[in-house]
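This report first takes up a pocket and then a metal site. Please keep the sequence and the model in view while reading.

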Amino acid sequence: MSTFWSIWIMALAVTNMGITLFLFLWGQRVEIPVLPDGTTGHVWAHGVLRESVRKLPRWWVWMSASMFAIGVVYLALYPGFGSHKGLLGWTSHGELARDVANNRATARGFDAYYLSVAPAELASNPAAVQLGERIFIDNCAACHGRHAQGNKLLGAPNLIDADWLYGGDDATVKTSILNGRHGTMPPLGEALGEAGVGNVANYVLGLSGAAHDAQAAAAGQPMFALCAACHGPDGKGNPALGAPNLTDTVWLYGGDLAAIKQTIVAGRSGVMPAWQSRLQAVDVHLVLTWMRAQSD
Ligand code: HEC
Ligand code: HEC
């Protein structure tokens with residue numbers, strides 16, 4: 001707070017308390033003229049009501065006086081009087097930091113327990129699953145969908161099925177989350193030419209048993225050698241590269257002819273951000289626990 005505002009607030013506080021204290025003291029002494037009938041002479045409601053004079057009750061006077069004392073003591077002890085920090089040194093930041101530290105200390109006991117139980121087993125613990133769901137909604141749902149069902153526009157995979165790009169064991173999934181992943185499918189439209197793209201795409205359709213043009217697929221088969229380097233000679237994928245299995249019915253970007261052609265022509269480059277600087281080990285463990293609880 002700048003000196004100006006500090007002095008401004010002090011002046012306001014002193015003026016306000018000064019005026020009210022003056023009114024309070026003056027109100028004790030002021031003589032109100034009283035008529036012989038004990039009223040002030042004020043008449044209300046066409047003569048029905050008259051205003052009489054009563055002394056303030058003692059308790060009220062003492063209570064009001066003590067309010068001034070409490071106000072002064074409060075401003076001495078706590079921040080509030082300009083930039084005066086208060087004799088107790090209390091701050092709302094400090095209180096928050098203390099609460100956070102206390103919560104951490106309590107949570108640490110739970111962390112050790114959670115980390116000691118495998119996600120598949122911990123998935124039957126509703127409290128752990130609920131914590132994991134919170135972490136998922138806050139950090140992952142935007143890309144993977146509220147129910148982890150995936151998002152074909154982003155190439156974000158379904159996380160609760162049995163199909164994995166990089167591997168589905170606990171350690172590999174945690175590595176995916178902590179380090180992030182970046183699968184790169186190069187654009188091959190130019191290398192293959194328009195007809196070539198259509199032929200390979202039909203061959204890819206055939207790999208999963210989907211309806212396709214058999215003649216085009218036969219023409220595309222030799223060109224699949226280009227793809228085999230990453231997707232494997234039989235198209236079953238390669239978890240080391242995150243190259244998807246093309247023989248199943250699970251699709252990152254879509255499994256119709258148009259989507260497959262688009263993938264081949266323009267390439268794909270799905271980015272999974274790294275979370276190691278944002279999530280603690282226990283957070284990753286809990287979010288995986290939630291994923292395990294969803295997939296049955
Ligand atoms: C910005 C979007 C985005 C966010 C946010 C995001 N992901 Fe991903 N995630 C992706 C994409 C895209 C991929 C696929 C990466 C690839 O194709 O190489 C992916 C891949 C993964 C994989 C690997 C799946 C497999 O089949 O091997 C896991 C596990 C995963 N994400 C978990 C999470 C978790 C848990 C969170 C939240 C902490 C999260 N993701 C947040 C976009 C995202
Ligand atoms: C350099 C390695 C590499 C080569 C070569 C390659 N791919 Fe890929 N492909 C990938 C990767 C990695 C992905 C996943 C991209 C992502 O995660 O965004 C992918 C994704 C795909 C997909 C999307 C699958 C889905 O589930 O939506 C199709 C289809 C595909 N590739 C077909 C092919 C075809 C056909 C060829 C050959 C003409 C080919 N790829 C060549 C690495 C490769």
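## The second largest pocket

In this predicted model, helix 3 contributes most to the lining of the second largest pocket, with 8 residues. Helix 3 (92–116), helix 5 (126–139) and helix 12 (281–294) each supply at least two residues of that lining, helices being DSSP runs of H or I with at least four residues and strands runs of E with at least two, numbered from the N terminus.

The lining comprises 18 residues, and those nearest the pocket centre are Ala 107, Asp 111, Gln 280, Val 282 and Asp 283. By class, the lining has 9 nonpolar, 3 polar and 6 charged residues, where Asp, Glu, Lys and Arg count as charged, Ala, Val, Leu, Ile, Met, Phe, Trp, Tyr, Cys and Pro as nonpolar, and the others, Gly among them, as polar.

## The iron site

The iron atom of ligand 2 is coordinated by Met 185 (SD) and His 231 (NE2), at 2.0 Å, with donors taken as N, O and S atoms within 2.8 Å of the metal (3.2 Å for Na, K and Ca). Met 185 belongs to strand 3 (residues 181–185) and His 231 to helix 10 (residues 225–231), so the pair ties together parts that are 46 residues apart in sequence.

## Conventions

Residues are numbered from 1 along each chain as its sequence is written, while chains are lettered from A and ligands numbered from 1 in the order in which they are written. Local features need pLDDT of at least 70, side-chain atom pairs count only at pLDDT 80 or more, and totals for chains, interfaces and linings use all residues, whereas side-chain values use heavy atoms, with hydrogens and water left out.

Definitions and conventions
1 Å grid on protein atoms, 1.4 Å probe; cavity = no way out; pocket = protein on both sides within 12 Å on 5 of 7 lines; lining within 4 Å.
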